[in-house]
Each structure stands twice: as structure tokens, then as C-alpha cells.
Amino acid sequence: MAMDSDIQIPANLSSGGSAAYFDGTSSRRRMVTLRLADRLEIDEGEQTLAAWAYSDVRRADSPAGVLRLSCLTAPALARLEVRDTGLAGELVLHCTSIDDHMIGRRGVAAIVGWSIAAAASIVAVVLFGLPLIADRLTPLVPEAFERRLGEAADSQVKTMFDARVCDNPAGQKAFDKLVTAIRESAGLDTSVQSGVLSSPVPNAFALPGGKVYLFNGLLAKAENADEIAGVLAHELGHLKHRDSMRGLIHNGGTSFLIGLLFGDITGSSALIFGSRTLVTSSHSREAETNADSFAIDVMHRLGRPAKPTGELLLRVTGKEGKGLSIVSTHPLSEDRLARMSRQDPPASGPPLLSAEEWKALKSICSANI
Amino acid sequence: MNQMSWPPLVPPPPLSPVPPPMPVAFSGRRGEFFDLVKRGAGLEFVTLGFYRFWLLTDIRRHLWANTLVDGDAAEYTGRGKELLIGFLVALAILLPVYLGYFLVGLEAEHIQAFASIPLVAFFYVFGQFAIYRARRYRLTRTVWRGVRFWMTGSGWAYAARATMWGLLSAVTLGLALPWRTAALERYKMRHTFYGDLQGSFVGRGWEFFKRGWWLWLLTPIALYVFPLAPFIYGAFKAIEWRWWLSGIRFGSVRVESSLTRSALIGLYWKVIGWIVVLGLVFSAYLALSAALVASMSGDSFGEFFKSQEFMKSIPLLVLAGIGYLVFALAMNIVIRVYLLRDLWVRVLGSVNVSGIETAANVSARGGMASALGEGFADGLDVGGF
């Protein structure tokens, strides 16, 4: 350590110059002289306040025209401010590691690389991992929990569609007969509940925990019992495969992971919604296709054709266009009709409902008692 | 005259006891900031948003380092990596919270349809907590003259106050808002320190109300007459800034602002203008890509748009998604340049600090807070800037 105390003020800039110094323990601004010896010496008058090793000196943020320095071995917030450009240039030359802590091109490339890797892994999990997880997890979810979920959804649906359960006795009797026939053919137990709701929306759906609802609007569009039977069989297929539970896990996971990805980009929720729709609708189309196959099997086992159901669907979507109906996440109705008509044997079993019962079912919502 | 060049033997009579107030300067160039956010937006696009932690840090570093109080620039010592870690930890905590929220909501729904909606209030409270903790992070990364700012107080106590006052504001249709802001600012500033210098807030809700009550009356009209809204909002923000800044104290350091009511209105109009321009460009892009996809699908145009295919076409959705991402990022650039940088400069230009000499020898105290609060704020979408 050189302590040449005989030199008080450096004769020229090449050996030092003046600067402002904050020692990091108080906000006092000290005017100091710098001496560029084998270490950077910070002197106030006669006294040496600190000596910084050049390799430990780092650049800190500063406005243009000021070089602000910190030191790894000094108090974390100790700062040296140099305004003289000549002196600043010389200091930068001496302090070889001055920019080592900055995120340079390489650092940015690392951030970009890791981000892309993270994004790719998230996308892979969404596309391949989540369906697998949903498949494996669904059988582990207790039935009781699923029923609770269904009950919560049940009251929401009824409020949302402002619907009441239609139960005029003759219609209800016909409906029960139809459901029982299909349920037995589908191999489901009596825990399945079903009903007709008074809503003009042409739709039917299955809720988790074994609830199937048919909207009166779909009934109004149907021309015979086979059409409705196929729809009910399709919904029972969803129940049998526990599709709503699987969809819930899949949906929740997808939203969460895609949310991770886009974070705080303004209005990203629209983007999240869009990507999720894209991913989950492809998944739900698959589930729909499976439910269709199930319905075709059930109908054939009953000795009834599946084609009428396809015709009903086409009738509904044809008139509905691209509205907010259940079909939007379903395969194209034309394709579904084609699948249902393929290898459709002529009716071999007895009709599921008599003409009278069918009439009663059609008017299940119209008049009470 | 000759005598004057010698130091006087007797101490000079004290000058005016109060030195003149000191303006706050901003030295950053606009072009530099624009380049910063432009490059950041590009990197955000490439990294699908992950770069936000580093961009946010760079923006703060630029704004802090160019803000000069009494001739000395401030410094922001936070780093992007801290924000990333804070975000990841916050996620790990939020995940079970979300799951619990879902299960409790399920039970509530079981009792009564839509009974789970009030549970959203929980996230409001949590968001207020996050806001407090995020402020703490930013403050402990703010350094001036080698001494950091720091904060005590409890995030939950703040969240409770914010929620009660929020409820009162909702009940009074916003009339209680000035008193809410004053009470919350008092809590925040009382627990804010610069070294060993304690902060305080002396702004009164009543003063805020006196300056801005007429805006409250005009607000219902603005809901119908859209062009009035930027004027009202701009005036409101200017009044709020001025009132807030003028209430800030650190020991005997006083901050005063002379921001005029109309100072910010132009900024909001510029942002609206850019949003319109960008919206038009985005619509044109959508129309163009739809036409492109339609021509490639081979169907006639009318058929393509009539059928459901239009909504389901994967190439179109992907093109629209990319376009939307670019649109959102361009909006971010506009908002950051006008409502962050320009607003910062305008507000700073109105500020005068007096009594700064008492901050000339403040002892450093207080440690750094973790970035977890910022992570929560990000995860809950309540982040400041």
C-alpha cells in the first residue's frame, strides 16, 4: 500500500482528480480527490477514506455525463461520482471488470433462450401432458366430490337459463321410459338423474356427478323419439367417460399454464382466452366424437338407428348458424351425421316410445297436470 | 472590494433561514427511453412476455437514474432476476390459494347459486396486500446519495384499511375517495423512511375534495359524452398528483408541486390517438389475413365467412393471435412513453423541494425487502409500474 502523504493534490489528471463520494453509511456528500495508485484511493484532505481494488470496482446507474462507481468489497451503497470526462475515461481503463455485472448481449440471449425453452415446455405440457394428467386424475376424483360439483353447476345453470324443471305427469312418464331404456342399454346404474328444462335453447348437456338435462327447445325441434334417444345416449356417454371432470382439470390447467406464459402483457386475458379455446376445443371435439361412438353403440344395441340423431343435430345447427350453442366445440354436424348414418342397420327393435308417449313427451313443458 | 476576497474573521450573519426551494430535474433523453421500450417490446414478443421482468427493471433504472434532486441523481438497484424469482415464489403460493378458493366457492355454490361471487373480495384484499408489499420492494431498491429508502408497517393492516375505505367509497359512489387516498397515504408515508429520516403525509382529504368535487359531478355526463372523459380523467390525475406530492414530508424536507389542472390532458389525448391508429392498423391486418386464409382454403369468400369454418380456421386464429400480440405490445410502447416517461417528466417539472439541507447527513438504516410482493402483484394483475 503506497501512502505517499507528501502529495496532497495530484499535479495532473493522469494520477487522479476530484470526485464526489458517498460512503454508504450516511448521505453526506464528500468532495474527495482520487489517486490512481495500485488501488483506487479516495482521499478527503489528508485522510484516505477508502481504497478500492480496481478489479472490484463496478459501474452503477447514473445520468449522462456522470460516471458512478460502486465497489464489491465496500459497503453496498458506497458511491463515487466522477463528472470529469478525462478522469472518468481513465478510471474505466483501470477498472477492467467495470461492466462485468451488466446483462450484455450474452445475458439477453440467455434470457431469450431460457424463455423460449420455458415457453416450449409449457406448450408441450398443455398439448401432451395435461390430457394425460386429466385422464389419469379423473378416475381418482371421488364420485361424491364430482356430485357436489354437479350440484353447484346445477343451480347455476338453472338460474342462468331461467329454467324450471318440466314434469307434467304424462310427459315425465314417457321421458322416464325413454331414459331407462337407454340407461340400461348403456350399462349405467340408477344414480343417473335426468330432466327436461323449460328453455327455448336447443341444447342438452351432462353435468358432473350424473345429471343429464334436455332443454325443451331441442325437444321442440325433434321429429321422433329416436332423435332424442340418440342425444340422451350421447350425454350418457359423457357421464360414462366422466368427460366434464376431465374437461375441468384440463381447462383449469390450461388457463393456469397459459396465464403463466403471457403474464402482464396488456389485455392478455383475451389472448389467454383465445389460446385456451383453441386447445380445449380440440380436446372437447375428441370427447364429443367418443360420446358419439358411444351413442351409436347404444342405439344399435337397442335395435334403433343412430341416423335420426345426426339429422336432428344438422337441423339445429343449420338454423342456428354460428351462435353460442353447444355445437361450437363439437365436430361439424355434417361429419357427425355421416358417421351416424354409416353402417346404420334398419330398425330391428321395437320403437322406444309409442306415438302417444312421444306426443306426451313433446308437450312435457306445455301444460301442468 | 478587496476585503471581500479574504475570509471574514467573524462568522457571517446567517443568510435567509430558509434557502430557496430546489427544483427536481430530469436529465434523460426521450429517444433513449423510446429505444429502451421498443427493444423491450421486441424481446417481450420473442420471449412471449417473460422479458417483462427485465424490461420493467430497465425502465425504472432509466427513470430513477435521470431524476436529480439537489444535483444528485437517484438510483434503482433492483434487478430483473429478483422479480422473476419473486413471481415464481408468488405463483407457488397462489396456486394452493386458488385451489382453496375454488373449493370454498364450490361449497358456497352448493348452498346458493352464485354465492361464490362475493369471494372475489378475497382477491381484492390480497391485491391490496400485494400493492403494499410491491411498494416496499421498489422503495428499498431506491437509493439517493448512497442511502436507501425503506419501509415498515404491515401489508395486511394496509389491506384491511384499503378494503374498509374501498367499501366506504363504493357506498358513497366515490365521494369518500379523497379521504380514502389520504388515509392510505398517511399509513404508507408514516412507515416510509429515508435512512433515519421518517416520512409523513400531511395532505388532507378535504383539500383534495375541494379541488376535485366538480369532477365528481361531471363524471356521470362523461359516461354518456365520451370525448369528455379524457379531460375529466386528466384533470383528476393532475389534481391528485399535485395534492399527493404537496403532502409528502421527510423530517423537515417538504415537497411542493405546482402542477396545473390541464397539464396531463394532452398526454391522454395522444394515447387515445395512438390507440385509434393502432386499432385501425390491427383491423386492416385482420381483414387482410382473413382474406388470405379464405383465398387459400379454396372456398368462395361468401361461403367461407358464412360457414362455421371462419371461426374455427386454425391458420386464421394463429394469425390473429400473433397480430393481437403485436398490437398489445405496440400499445404498451405508447403507454410507457406517454403515461410513464412523459408523465413522469411533467410531474417532476412541477416539483420543488425545500428544507433539503436536513437530508445532507442522514444515517443509512433499513434492509432490503424481497420481491415477493411484486410477484403477487404480477400474479394478481394489480401491479403498478
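Modeller: Two strands pair if DSSP finds at least two bridges between them; strands (E, at least two residues) and helices (H or I, at least four) are DSSP runs numbered from the N terminus. This model is predicted: local features need pLDDT of at least 70 and side-chain atom pairs 80 or more, while totals for chains, interfaces and linings use all residues. Residues count from 1 along each chain as its sequence is written, with chains lettered from A and ligands numbered from 1 in the order written.

Biologist: Then what is the strand order of the open sheet in chain A?

Modeller: Its 4 strands run 8-9-11-10, with mixed pairing. Strand 8 (165-166) and strand 10 (204-207) of chain A are the edges, each pairing on one side only.

Biologist: How many bridges join strand 8 of chain A to strand 9 of chain A?

Modeller: There are 2, and these strands run antiparallel. A:Val165 has A:Leu197 of strand 9 of chain A as its bridge partner.

Biologist: At what angle do helix 1 and helix 2 of chain B cross?

Modeller: Axes are lines fitted to C-alpha atoms, for helices over the stretch in contact, with angles from 0 to 180 degrees between N-to-C directions. Helix 1 (residues 30-46) and helix 2 (residues 52-65) of chain B cross at roughly 175 degrees, their axes coming within 9 Å. These two helices of chain B are therefore roughly antiparallel (over 145 degrees).

Biologist: Which residues meet there?

Modeller: Contact needs C-beta atoms, placed from the backbone, within 7 Å. B:Phe33, B:Leu36, B:Val37, B:Gly40 and B:Glu44 of helix 1 of chain B meet B:Arg52, B:Leu55, B:Asp58, B:Ile59 and B:His62 of helix 2 of chain B.

Definitions and conventions. Parallel < 35°, antiparallel > 145°, perpendicular 65-115°, else oblique. Contact = placed C-beta atoms within 7 Å.
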